[in-house]
Structures are given as structure tokens and as C-alpha cells.
Amino acid sequence: MTDFDGRKRVVIGAVSPEIDAGDFAVKRVVGETLVVEADIFADGHDDISAALLFRADSETEWREAPMSPLGNDRWRGEFKVEQMGVHYYTLQGWVDHFLTWQKDLRKKYEAGTEVGQELLIGSDLIERAALNAAGEDAKKLTAFAQAIREEKERDVVRAFSIATSEELSAVMEKYPDRKSAGTYPRELPLVVDRKKALFSAWYEIFPRSCGLEQRGHGTFSECERLLPVIAHMGFDVIYFPPVHPIGSTNRKGKDNTATAGPEDPGSPWAIGSHEGGHKAIHPALGTMEDFERFVRLAGERNMEVSIDLAFQCSPDHPYVKEHPEWFRWRPDGTIQFAENPPKKYEDIVPFDFETEDWENLWQELKEVVLFWVEKGIRIFRVDNPHTKPFAFWQWLIREVKKAHPDVIFLSEAFTRPKVMYRLAKIGFTQSYTYFTWRNSKREIAGYLMELTDSEVREYFRPNFWPNTPDILHEYLQYGGRPAFLIRLILAATLSSNYGIYGPVYEQAVSEAFPGREEYSGSEKYEIKHWEWGKPESLRDFVTAVNRIRRENPALQTTNNLTFYEADNENVIFYGKMDADMTNIVLIVVNLDPFHKQACRIQVPLKTMGIEPGRPYLVHEVLSEDKYIWQEEWNSVELDPGFLPARIFRVRRRLRREQDFDYFM
């Protein structure tokens with residue numbers, strides 16, 4: 001019997017969101033609202049009340065928000081998060097004797113039953129509440145109880161009116177009797193990140209390809225000249241592949257050939273040489289001071305630098321000599337290099353995370369992250385995290401974010417869905433996705449619904465990349481310039497986080513090895529010298545898209561995405577709206593890079609609060625064209641050779657002004 005408290009009659013279950021019974025955290029950013037629902041009910045016919053309790057990890061006292069019934073014993077509450085870090089939430093429900101009394105009193109009074117005793121019972125409830133109240137509220141409740149008793153003898157109608165008044169109910173709501181309240185047995189975690197975790201635009205560039213000389217190795221100082229260009233395009237994250245010394249042993253040549261020439265720089269992911277390891281800068285790039293200066297100058301232009309966190313080594317890395325126990329060794333005494341049969345990566349050796357010395361290995365890798373945090377880095381693109389233990393990442397991210405909650409970790413894991421989702425659950429802030437391989441209307445809509453309309457939305461923040469140094473999809477190989485425009489629009493408007501592999505994408509580079517999704521002449525293995533001002537560059541288009549993202553709050557989140565009807569399988573139609581409907585953006589994209597497509601789209605007038613037949617303004621923000629539409633179905637034509645997409649800003653109400661700019 002000691003396991004039960006018969007006074008606690010309220011049941012709480014089916015809480016949403018709750019990730020794996022509370023083992024993992026829901027994610028939000030500062031300023032977002034967490035909406036929580038649960039089934040809450042009790043035996044019998046008594047009324048109940050419920051509250052959503054929440055607190056920051058640093059707080060000992062719970063704050064609370066009221067919950068409201070949705071019907072069928074489902075309740076909802078919400079609260080806004082205002083600071084970064086770990087938070088917790090839970091729920092509490094109780095039989096509300098005052099509400100139950102009011103309900104029964106009304107029934108009896110309306111049925112003509114004598115209610116004298118019920119009025120006395122209620123006045124006792126109110127007096128008990130007064131004992132817990134303070135100041136004016138205590139005086140008010142005492143006066144209400146006394147007035148009900150007095151009016152009961154003189155005027156039952158008046159007594160009933162007082163007992164059921166909104167004023168009394170409002171005061172009583174502040175002081176519920178929770179002696180028998182039931183609390184959900186779990187405190188559910190919530191991780192709150194800074195806003196850039198939800199909204200960012202990444203630009204990937206190899207700093208060694210920034211050189212001014214035709215065949216020279218670029219430096220951080222030479223990269224500085226690109227800062228105004230990248231900032232003008234509207235990117236706020238500059239991502240550098242590894243910037244560390246590169247090993248010589250088994251160095252790869254051009255196009256990943258097994259033999260390197262004397263001028264071949266090697267893959268930046270083959271980290272470590274006699275010049276240093278994960279805490280060192282490749283000497284040809286400059287000094288650590290040069291790197292810190294670049295980070296500082298980027299910050300002055302409202303951009304951050306992200307570096308690659310690749311926990312692997314070249315055979316020449318100092319760790320190999322200093323800590324041979326951190327690696328695997330073959331029977332012939334040679335170190336085990338990385339393999340993904342039939343592929344071989346002879347220039348890279350992985351850590352052995354099953355080493356007996358795993359604790360020291362973990363501590364050292366944490367020190368690597370903290371080293372770069374001290375150098376001003378707050379964003380890490382993590383290379384192949386799915387090839388390291390989940391427990392390691394969960395520990396590392398937790399440890400780093402304890403002291404630096406503003407750090408962002410992007411998971412670069414193109415692997416099985418459950419593995420990708422697990423990495424997100426254990427703490428990765430953002431994640432690469434299958435977007436690159438979703439190209440048809442059905443594929444795109446189906447995948448986005450999985451990301452935004454299921455529990456996945458609570459912990460997995462997608463970051464859409466049309467291309468990477470490793471991946472050049474056939475769509476881009478054969479679709480020409482229109483394909484690059486189409487995929488950019490999709491990435492930048494479907495997801496609030498997106499990125500491009502910089503100058504390669506700008507210049508629509510599409511040369512690949514036949515039958516493979518790999519660039520020929522890959523920049524991973526050689527230094528490139530890009531023509532930054534080429535007239536045929538996509539730079540102006542990219543700049544326009546990023547400007548549109550900044551100007552429209554609806555595009556700055558992902559989970560508000562809704563797909564709408566377009567009567568052409570080659571055209572996809574979707575939209576995003578902010579919570580108060582002040583910003584409505586509808587996007588129509590021709591998925592066929594070769595042919596002009598026309599279709600009719602069904603504008604969601606009811607959702608937008610527009611009555612059929614009432615005119616509304618549609619502002620196409622890529623071309624600056626403006627239209628007045630009145631109907632639900634409207635015709636659109638999309639020419640990939642000119643503009644394969646339309647981004648419509650919808651203004652629901654028209655004013656009688658001469659200039660469309662006054663339409664709102």
C-alpha cells in the first residue's frame with residue numbers, strides 16, 4: 001500500500017514532445033515557444049486543472065504555465081524559452097474542487113434544486129483558499145466567502161451570482177488546492193540554442209585556393225579579400241575544411257590517385273605531420289595569429305568561421321608516436337589505415353575508440369575542441385561522426401556546452417536514417433540530410449514531411465546542401481545552370497539552414513567522373529584558382545535568395561512548412577507562414593531543368609484568412625513583379641532558362657493607395 005497515494009487521482013500520459021521516454025532532449029532556440037500536450041484525466045466526474053512546469057537547469061524552483069483542455073482529455077500548454085542551455089519541463093494535474101463545486105452548483109440551481117448547503121460548502125472552499133493567498137487577494141476571497149453566506153439568507157439569486165462570477169473564478173485560479181496533485185514522473189530535458197542553430201547560410205571554401213598567384217598556396221591573409229564578397233552575398237557562416245598540417249606518408253595525388261607528385265598538396269583530411277596536429281595551423285596558410293585575425297574580421301561583417309572537426313590522423317600525426325595505443329596495428333607491425341571496402345584511404349588512420357586508454361583519448365579530443373573555442377570558433381562541422389561511438393559524442397557535446405552553450409555542432413553523417421537521428425538526439429545541433437538525393441516532387445514532399453511533421457522535428461535540425469566536395473548529384477551534372485538555380489531555391493526555402501560548396505556552386509561546376517557522384521579534378525586533392533568575378537556566375541541570384549531569406553521571418557524556420565496542390569508533377573508548390581500571419585511566403589518551383597512548365601496552383605486562402613473573391617496582392621520577390629489575385633486557383637508558368645521558380649510574398653489586405661508598396 002505504501003506505493004500508492006489514494007488521494008492522487010489524476011493520470012498524466014502520452015506527453016508530447018517526449019523523446020524516447022525522456023532519455024533525449026527536445027530542441028529549441030532562444031525566443032521559440034515549446035508547446036506541450038498530454039492526456040490528463042481522473043476518475044469520476046470531477047473537474048481537473050493542469051499546469052506545465054518548467055525551469056532552467058540552474059534554477060531550483062519551477063515556473064509554470066496553465067494548460068487548457070483540447071477535448072477528449074487532451075491538454076495543451078506552452079512557454080517561451082529566453083536563455084541558452086539545458087532546461088526541464090514536466091506536468092502537474094489535480095482535481096479542482098472549486099471548479100467541480102461551481103459546475104455542480106450551476107446544475108442544481110438551473111434544475112431548481114435547493115442550493116443552500118452547496119453555497120456553504122463553496123464558501124468554506126473559498127476561505128481555505130484565502131489562507132494561502134496574500135495581500136489584496138486574501139481580503140477579496142474572505143469578502144467573497146462572507147458575501148455568499150450573507151446573501152444565501154437574503155437572496156439566493158444574488159448568492160449564486162457571486163459564487164459563479166468571473167471575478168471570483170479569476171482569483172481562485174491563482175490559489176488552487178494542490179495537496180493531492182499528481183506530477184508526471186519524468187523531468188523532460190530541453191536544450192535551448194542560440195538563434196543561428198535554426199537559421200544560417202553556410203559558404204564552404206578551401207582557404208588554400210584563395211591565393212592571388214596562379215599556382216600559389218592561398219593564405220588566410222589572402223582570404224581576407226573575399227570577406228566583403230561573401231558577406232554581400234548574404235552568408236553568415238564561412239566553413240573551412242581542415243586547416244591543419246597535412247601528412248606526407250601515402251599522400252594522395254590529383255583525383256585521389258595513390259601516388260602524389262611533389263607539388264600535390266594532399267587531402268586536408270589527412271591531418272598531422274611533424275609540423276603539428278589538430279591544434280596546429282598548416283604553415284602554408286599562415287600563422288595562428290593570421291587565423292584569429294580572419295575570424296575577427298569575419299565577425300566584424302556579422303559572419304562566423306566554422307572549421308572541420310575531423311577526428312582522424314595521417315600516419316605522420318604526432319599522436320601516432322606519442323600515443324600508439326590510440327590506434328590499431330596490423331600483424332606485420334604497420335598501422336591500420338581507414339577503409340570502406342572497396343575504397344581505401346591509405347593517407348588516413350582512424351582512432352581506436354575501443355582502446356584501453358579510451359578515457360585519455362576522449363579527454364584529448366575534448367581539449368582539441370576547447371582549444372579552437374578559445375581561438376574564437378563557435379561552430380564545428382563534424383566529419384563522419386557516425387564512425388565514432390555515440391557515447392563519445394554525447395559526452396563531448398555535453399561537456400563543451402556546459403561551459404559554452406553557444407557552440408554549434410553540425411553532423412556530417414550521410415548514413416542510415418536511424419543512425420543520423422540518433423546523432424541528433426545525443427546532441428548534434430544541426431545535421432546534413434538526404435536532400436541531395438531527393439529530386440522528384442514525391443521524393444521531396446515525402447522527405448520533408450518526415451522531417452517536419454513527425455517527432456523528428458523536435459530534435460533533428462536539417463541543414464540542406466545541394467553539393468559538397470564529396471557529392472555532385474547527377475541532377476547537377478546534367479541539368480546545367482537551371483539545375484543549380486532550382487536546387488539552390490529548394491535548399492534555401494525548404495530548410496532554414498542551408499549551405500553551398502562555394503565557388504564551385506557559384507560557377508555551376510558539373511564535371512564528374514563518369515557514372516559517379518564525384519567531381520573530376522576535385523579540390524580535395526589540388527589547389528584551385530577560381531575566377532571570382534565571372535559574368536556567368538550565380539552570385540547575383542544567390543545574393544537575391546539570401547536577401548529574401550533575411551527579409552522574410554517565415555523562411556527563418558523549417559517546421560512551418562506546408563505543401564499545397566499544383567496540377568503538374570514537374571512543379572512543386574509549398575509555403576511558410578509566421579505565427580501571426582504577418583509574413584506569408586509561397587514558393588513554386590519547376591523541377592524540370594530542361595523544359596518550361598505551366599500549372600495551376602491552389603492558394604490556401606482559408607488558411608491565410610482570405611475570403612474567396614476578395615483581392616489580395618502577390619509580390620514575386622525574385623523578379624519584383626506584382627499581381628492582384630482573387631481566386632483560389634491561379635496559373636503560373638516557369639521557364640528554367642529564365643527563372644525556374646517564383647517566390648511570392650502574399651499580402652492579405654489591400655489599401656486604396658496608388659502604389660503597391662502600400663498594400664499590406
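Predicted model: local features only at pLDDT ≥ 70, side-chain atom pairs only at ≥ 80, totals over all residues.
An α-helix has 3.6 residues a turn, so residues three or four places apart point the same way.

The structure holds 41 salt bridges. One of them pairs Lys103 with Asp47, at 3.1 Å between the closest N and O atoms. Lys103 belongs to helix H1 (residues 97–110), while Asp47 is in the loop between strands E3 (33–42) and E4 (48–56), 56 residues away. Lys103 is partly exposed at 21% relative accessibility, and Asp47 is partly exposed at 25%.

Glu304 and Arg194 form another salt bridge, at 2.6 Å from N to O. Glu304 is in strand E13 (residues 304–309) and Arg194 in the loop between strands E10 (188–193) and E11 (200–204), so this pair ties together parts 110 residues apart in sequence. Glu304 is buried, at 18% relative accessibility, and Arg194 is buried at 17%. Elsewhere, shared partners join Glu37, Asp39, Arg74 and Arg76 into one salt-bridge network.

## Helix H12

Helix H12 spans residues 417–425, and its buried residues include Val419, Met420, Tyr421 and Leu423. Among the elements covering the buried residues of H12 are strand E2 (26–29), helix H11 (390–403) and helix H13 (441–452). Just after H12, Gly427 has a positive phi of about 140°.

## The chain overall

The chain contains 17 helices and 29 strands. Of its 664 residues, 56% are buried.

Note on methods:
Residues numbered from 1 in each chain as written. Heavy atoms only, no water. Helix = DSSP H or I, 4+ residues; strand = E, 2+ residues; numbered from the N terminus. Buried < 20%, exposed > 50% of the residue type's maximum accessible area, 1.4 Å probe, protein only. Contact = heavy atoms within 4.5 Å. Salt bridge = Lys/Arg side-chain N within 4 Å of Asp/Glu carboxyl O.
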